[in-house]
Amino acid sequence: MHHDFIDRYSRLASPVHSLDPRAKIAALFTLIIVCVITPPEEWWPFCIYAAMVVVIAAASRLPAKYLLTRVLVVLPFIVVVAIFVPFMHKGGPSFDLGLFHVSQDGLIILWGVTIKALISVACLVLLSATTPFNDLMHGFERLRVPHFFTTAAAFMYRYIFVIIDEAERMGRARDSRNFHGRWLWQAGVVGRMAGTLFLRSHERAERVFEAMSSRGFDGTFPRWQEGKMRAADCVFIAMVASTAIAARLVVLWK
Amino acid sequence: MIPLAHEIAVRVTDLSYRYPDGTGALSGVDLVVRRGESVGILGPNGAGKSTLALHLNGILSGDGHVEIMGLPVNKKNIREIRSMVGLVFQDPDDQLFSPTVREDVAFGPLNQRLEPEQVDHVVSRALRWVGMEGAEKRSPFHMSFGEKKRIALATVLAMDPEILVLDEPVSNLDPRGRRTFTELIDSLNVTKLIITHDLEMARSTCNRLVVMDGGTVVADGQPSSILGDPELLERHGLM
């Protein structure tokens, strides 16, 4: 497993990649929030939101297949959660399908949940696929997201691979001693391995902290190199946010 | 001969330490290191070498007295002490925690409150010293073990320490990596304390050797006299 897993396309060159992370966070989160609070009875605002996502995706030059597979990952969850709503929903007009009644309101709920989830996830995939993880965390930090969250995420990103390597080494050492993991009584071995892995990670965390303290770390991360928002960043935020908000307002006033 | 006060880089007096679980690690360590010396610390596993190193910049504090460049190691002086004592850990994965080399090397200087323009300069200088110029944007995770070792050294050199403490600097390196890393350490003009099992390195790099065992100093002298005493080496698990 490699860092590519997260950062495979985040270092491409494109107009979207070169935007300030804060601009991308602000614009795409605005789009997500506006999308989520749009009532699902109107379908056209969602076409506008989806079109915006498609335009940004096209400008980012990310492979379409990569984006689609990432976005479609959420579909099974939606299916499990919302697929029964049209059958269970009571009240309002419904269609008789013999065995089942399909509620019209229920269908609208299903449509709303699905389209909102897909657009929101597409925004997040765009954000993470066009911004190196590290810059993304800096962006959140500079938007006043508490250090605790960004630091925890950054450390996870740095050490998850070290820990996975450690787990793989333990697994290999275990299998070399003819462990097959087929029998229930061997489950205990796996449990103890998980415990050992936890202890080792804990010890490593202490050593990392000691190494940081040795270099003068006093609990606050030093700030460095504050990039400035450029005109392009402001234009991006203004365009995405104003289009989304305008669509939402038209729905409100109609 | 008693060294003059201003010549003393490290003075450890009657230092004892017990880990929270009760394991005794140090018992009555006395050690004086003069400026410019290159002292090798030898000893079997569990002799207390790394524990001693962690006392030199106040990560651990046991009973006894530790002085760095005449300054007692305590809470009040901790910032100055950590600027003066550069500790390079054994496992570079413990030392390198940032997503990019540049951020990791800049971490110490930024904690020293250097101006951002200076930091850039200091970072590229430190990387040049360890022969890793141009590696700023790389991720430490993707590097070979030898490269990680070099970067770990650079993160400490960037702070411009007076005293360099290296914990097992050449362990796990292949023979060529061992040789080039030893040469790199030789080329650094600071006071050095080198914890090592590598007698070859101890011979070539150090001008004084200290043997520790059971949490205390059991021998102290010229490399030729320590390494020329097979009985001593045998007794303390070094041969």
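Across which strands of chain B does helix α6 (residues 145-157) lie? I found that α6 of chain B lies across β6 and β7 (163-167) of chain B and runs at about 165 degrees to β6(B). Helices (H or I, at least four residues) and strands (E, at least two) are DSSP runs numbered from the N terminus, while angles run from 0 to 180 degrees between the N-to-C directions of axes, which are lines fitted to C-alpha atoms, for helices over the stretch in contact.

I noted that this is a predicted model, in which local features need pLDDT of at least 70, side-chain atom pairs count only at pLDDT 80 or more, and totals for chains, interfaces and linings use all residues. Residues are numbered from 1 along each chain as its sequence is written, and chains are lettered from A and ligands numbered from 1 in the order in which they are written.

Next I looked up the sheet of chain B, where six strands form an open, mixed sheet in the order β6-β7-β8-β3-β9-β10; two strands pair if DSSP finds at least two bridges between them. β6 (85-88) and β10 (216-221) of chain B stand at the edges with a single partner strand each, so one side of each has no neighbour in the sheet. I also saw that β3 (residues 38-42) and β8 (residues 191-195) of chain B pair in the parallel sense over four bridges, with B:G40 opposite B:I194 in β8(B).

Last, I turned to the contact between the chains, which takes 23 residues from chain A and 26 residues from chain B, two residues being in contact if their C-beta atoms, placed from the backbone, lie within 7 Å.
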